[in-house]
Structures are given as C-alpha cells and as structure tokens.
Amino acid sequence: MTIKLKDSSLLKTQAFVDGQWVDADSGETFAVTNPATGEHLANVASVGAAETRRAIAAGERAMTAWKALPPKTRCDLLENWYQLIIENTEDLALIMTTEQGKTLAESRGEVGYGASFIKWFAEEGKRIYGDIIPGASDRRGVVVKQPIGVVAAITPWNFPNAMITRKAGPALAVGCAVVLKPAAETPLSALALVELANRAGLPAGLFSVLPGMDAPAIGGEMTSNPTVKKVTFTGSTPVGKLLMKQCADTVKRTSMELGGNAPVIIFDDADLDLAVTGAVAAKYRNSGQTCICANRLLVQEGIYDSFVEKFAAAVNEFRIGNGLEGTTTHGPVITEKAAAEIHAKVQSAVAEGATVVTGGQPGEQGGCFYQPTILTDVNDSMRVFREEIFGPVAPVFKFSTEAEAIAMANDTEFGLAAYFYTESMGRSWRVAEAIDYGMVGVNETAISSEVIPFGGVKESGQGREGSKYGLDDYLETKYICIGGL
Ligand code: ADP
C-alpha cells in the first residue's frame, strides 16, 4: 500500500467483528482507489449477511456488561478513544485525503470535528437524566432513559470519519453496541477509527466494522435482524427511504440524515463581502460534496451583478489538484462517475439556457476532477433548481422580493440546511422562522459543530446528531409507576 504513515498499523484491510480482524467468509475483497490519482490503494475484505449477523450477536452479548457499567467508566473509555484520535490526527488525515480526495487541511479539520463528537458524548453520557412525576399521594411516576439496544449505522464517503463518530459516540456513551457499514469508497478511515477504539480499551463486540461491496446484503441483515433496535443512516434520500421501509417489518427506530437542497439567500441589504465569503465556503467545501453545501444561490436583483462578479473572482483563485499537495485548495470529486453526473447536470442547464460564468467543464487533470463552476441565467424550472448537485457547481438565481425568496427556498422536498445574508434584524427573524429547514445560518454558513443539533425536516430526514438532543436518538423512555407509598 502506498500511504506512508507514522503508524502503519493503522492501515487495516480486514473487517473487525467481535473484537477480531477477520477476512470475509467468501474470501472476497474490493479495491479502494485514490480519486486524485486513480492509484490502487488496497483490497479490503468484502463481508456479507453472515458476518453482519455475527457482529450483531456479538454486539448484543457485549452490551449486557457495557450498559451495566457506571456511566463514568464508559465515558472514560470514550475519552481514551478521543485522545488516541487526536494523537493520530496526521495519519488519519493522510488516510482520508488519500482515499477520499479532500485536501489535507480539510481532512485534519474533519478528524478534529469527528473527535469532538466522541469527547462531547463522553461528557453528555454522564447526564442522562430522568424525571419524577407527581401523582396521587400513594404513587410516583418515575421516568428513566435506557439504551435502545444494538445500533446499526450506515455511513457515506463524504465525511469518512465524522459521520461515524457522531453516531458511534452517542450510541456507545449511553450503553449501546454499534455495528457499522462504512461506504465502500472510504473504508480505510473507518477501520483506522475502530483500531483506535480497540486500543482505547473498548470491549470486544461492542463496535464492529463491516466493509463490503454488497450494501444491500449488509443493510438487509441490519434492517431485518430483530436484535437491531435502531438504524442510523447518512446518505442519499432513495437509500434512506428504502432502509426505512425495510425497518418497518420489525418496527425499528431510525435516524435519517439524507439529501439537501440548501439555498443561500443574499438580500440587497446584505454585507456583500461577508456573503461572498460565506457562499464560497458553503458551496465549495469538500468540492461541493456535503449534504449542507449550498445548492442554490438566491440573490436579490439589486445586488445580483456585484455579487456574481465578486463570487466569480473568489472562485477563480482556487487551486484544484491532489489534496496531498499544500497549494491545493480543492480536490477532486469522489469518482469519475460522479464527475460525469455533475457535468451532465451542467450541460442540461446550459441546454435550457444557463450561462457559464466560470468552469463548466471536466477538470484539466482528467479523472475525478471537475472545474469549479458558476451558472447564471438559471430559473426554477431547471434541474439545477430541484436536484442536489453534490459537486462544485453554483447556480445563481435572481429574485425580487422577500416573499419570493422564501417561496423559492421552500419550493423543494428537502429541508436540511439554509443560509441567508441580511443586515436587518426584523428580516433575520422573519425569514429564519418562515423557511422550512432543520438548520438555518443567518450571516453564517459554518454552522456545524458537536454542540448543535444537526438534522433535517421534510425528506431530508429525521432525528438529530450532536448536542444534548443527540443522545435521545439512542435512548428509550421507560415509565415506572412506584405505588403503595
Ligand atoms: P451516495 O450517493 O452518497 O454514495 P448512498 O446512499 O448510495 O449515497 O450511500 C450511503 C451509504 O449507504 C453507503 O455506505 C452505501 O454503501 C450504503 N448503501 C447504498 N445502498 C444501500 C442499501 N440498499 N442498503 C444498505 N446500505 C446501502
């Protein structure tokens, strides 16, 4: 393998089941490649339903002792894991950039962000409070919160570290076991994380990682196995809907963090420079491949031309390339297929009348690269208004009134994140309350951290990750009536 780490034992290619590194029963493997170079990185074990079943059974066994531990003991172990992640930031970042493509600076940022969920939930795990409910004089109602059971987690490739920690952190902190299927594009980050969890002293069976090419086989077992009480998923809306349907037969609880179609609304009364900086970050972070990336820029007519000019000037400063090189500001997209799909969306917009201000073509480097792109002369009947682009393409729409901007923002089945820029206090409140989104950034697009509730409404999903609310997704509420007083 061609990733030069300080600690080469972080590079794992087997599955981790019941505390053991194992090959797939079938002996099958799948290839992991570097999207910046096309280079083959590793062959990773491709497990299926049988290994998933064993991991779930091991989780159930391990949970019995784990959930009975004092919260502090559980949380101390999570704290150890956090420390190990921080100590190994450089190696984890190198693995991430090499298999995912984002720049090293972004990868380092994600490792810190991912670790913050472990630390946060190591702290919050000690604060799982219940209630005492007054009633008749001979009785009291007691409400306790208990771990929901074995949790199955399915994660995407765009955040190969943080999407795992913000599920595993709260689940483990409250006393659950976790079986995880990472994305096939980025299994190495997941396997390095579980290696560190193992070194931190997490008991065998509590956290298994199941890489595999056959997602329906692994997901099918996770969603049908009655021992799994909760499925938590981050990924595309069609797969999320499918998993919810599959979970219905055994009435599992689900948390779904699905697609977005985030607007950035820039009003005439915005601080223009602040808006340009925020829009650039919201659109092009991770080369446009985050579910809260700006998908539609909605700019009021009075400020439209000056916004486009400054926005294009900022984008033309980007240095596209291999994320391992220090000068690179933006890496490739995840696969050649993704680059081709992005190009098809741009071409469809152009055929419908859009104008390319900058970019609009596959990257000069070829392969998985796509040029950062800005489109004008776009309208709400085009595909780029409705569909999540998931790439470095910014369509800039024009509107005239606040009411029109709100209607455009809400004209989507999605409702994850939205952002707007205004200097008016009244408008800040009006618009924030009128748009149907789980998260709203006012004069700010860097809205995510471990202390806030991350999640969407409408077809963007259900449940919240991070913050004190993030524990609830992994807890059951039990009412105990204490009578005969
Ligand atoms: P993306 O388009 O971002 O890859 P997906 O929803 O396809 O989004 O993938 C997110 C995660 O869901 C990945 O780990 C992928 O392997 C997994 N996945 C895809 N299809 C299924 C399925 N039918 N059952 C379970 N997991 C699936």
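Two notes on conventions. Residues are numbered from 1 along each chain as its sequence is written. Because the model is predicted, local features need pLDDT of at least 70 and side-chain atom pairs count only at pLDDT 80 or more, while totals for chains, interfaces and linings use all residues.

I start with the annotation. An unreviewed UniProt entry lists residues 21–480 as "domain: Aldehyde dehydrogenase". UniProt positions are given in the numbering used here, feature names are shortened, and annotations may be inferred rather than shown by experiment. Over residues 21–480 the chain is 39% helix and 20% strand. Helices (H or I, at least four residues) and strands (E, at least two) are DSSP runs, numbered from the N terminus. The end C-alpha atoms of that range are 42 Å apart.

Next, the ligand. Which residues come nearest to the ligand? Of the 13 residues around it, they are Ala215, Gly219, Gly235, Ser236 and Val239. A residue is near a molecule or strand if its C-beta atom, placed from the backbone, lies within 6 Å of it. Two helices, α7 (215–224) and α8 (237–248), each supply at least two residues of the shell. Helix α7 gives the most, with 3 residues. By type, the shell divides into 8 nonpolar, 4 polar and 1 charged. In this scheme Ala, Val, Leu, Ile, Met, Phe, Trp, Tyr, Cys and Pro count as nonpolar, Asp, Glu, Lys and Arg as charged, and the others, Gly among them, as polar.

Glu257 lies in strand β11, residues 253–257. Is Glu257 buried or exposed? It counts as buried because it has 28 C-beta neighbours inside 10 Å. The cut-offs are 20 or more other C-beta atoms within 10 Å for buried, 12 or fewer for exposed, and partly exposed in between, with C-beta atoms placed from the backbone. Leaving aside neighbours within four places in sequence, Glu257 is in contact with Phe233, Thr234, Cys291, Gly455, Gly456, Gly461 and Glu465. Contact here is C-beta atoms, placed from the backbone, within 7 Å.

Now the nonpolar cores. A core is a set of buried Ala, Val, Leu, Ile, Met, Phe, Trp, Tyr and Cys residues joined through C-beta atoms within 7 Å. The largest has 81 residues, of which Leu78, Trp81, Val151, Cys176 and Val178 touch the most other members. A second, separate core of 64 residues includes Cys293, Leu297, Leu375 and Phe385.

On to strand β17, residues 417–421. It is mostly covered, with 5 of its 5 residues buried. In a regular strand the side chains alternate between the two faces of the sheet. In β17, Ala417, Tyr419 and Tyr421 point one way and Ala418 and Phe420 the other way. Strand β12 (residues 262–266) runs parallel to β17 and is joined to it by 3 bridges; two strands pair if DSSP finds at least two bridges between them. Ile266 stands opposite Tyr421. Strand β18 (residues 439–442) also pairs with β17 in the parallel sense, over 4 bridges. There, Phe420 has Val442 as its bridge partner.

Ala418 touches Ala262, Pro263, Ala409, Ile435, Tyr437 and Val440, not counting residues up to four places away in sequence.

There is also an antiparallel pair: 5 bridges join β3 (residues 29–33) to β4 (residues 40–45). Thr33 stands opposite His40. The hairpin has 6 residues between the strands, and Gly38 takes a positive phi near 80°.

Ser107 is in helix α4, residues 104–124. Ser107 is buried, with 28 other C-beta atoms within 10 Å. Apart from neighbours within four places in sequence, Ser107 is in contact with Ala93, Met96, Thr97 and Lys102. Arg199 is found in helix α6, residues 187–199. Arg199 is partly exposed, with 14 other C-beta atoms within 10 Å. Arg199 and Leu77 are 122 residues apart in sequence and 10.0 Å apart in space, C-alpha to C-alpha.

Methods
Two residues are in contact if their C-beta atoms, placed from the backbone, lie within 7 Å.
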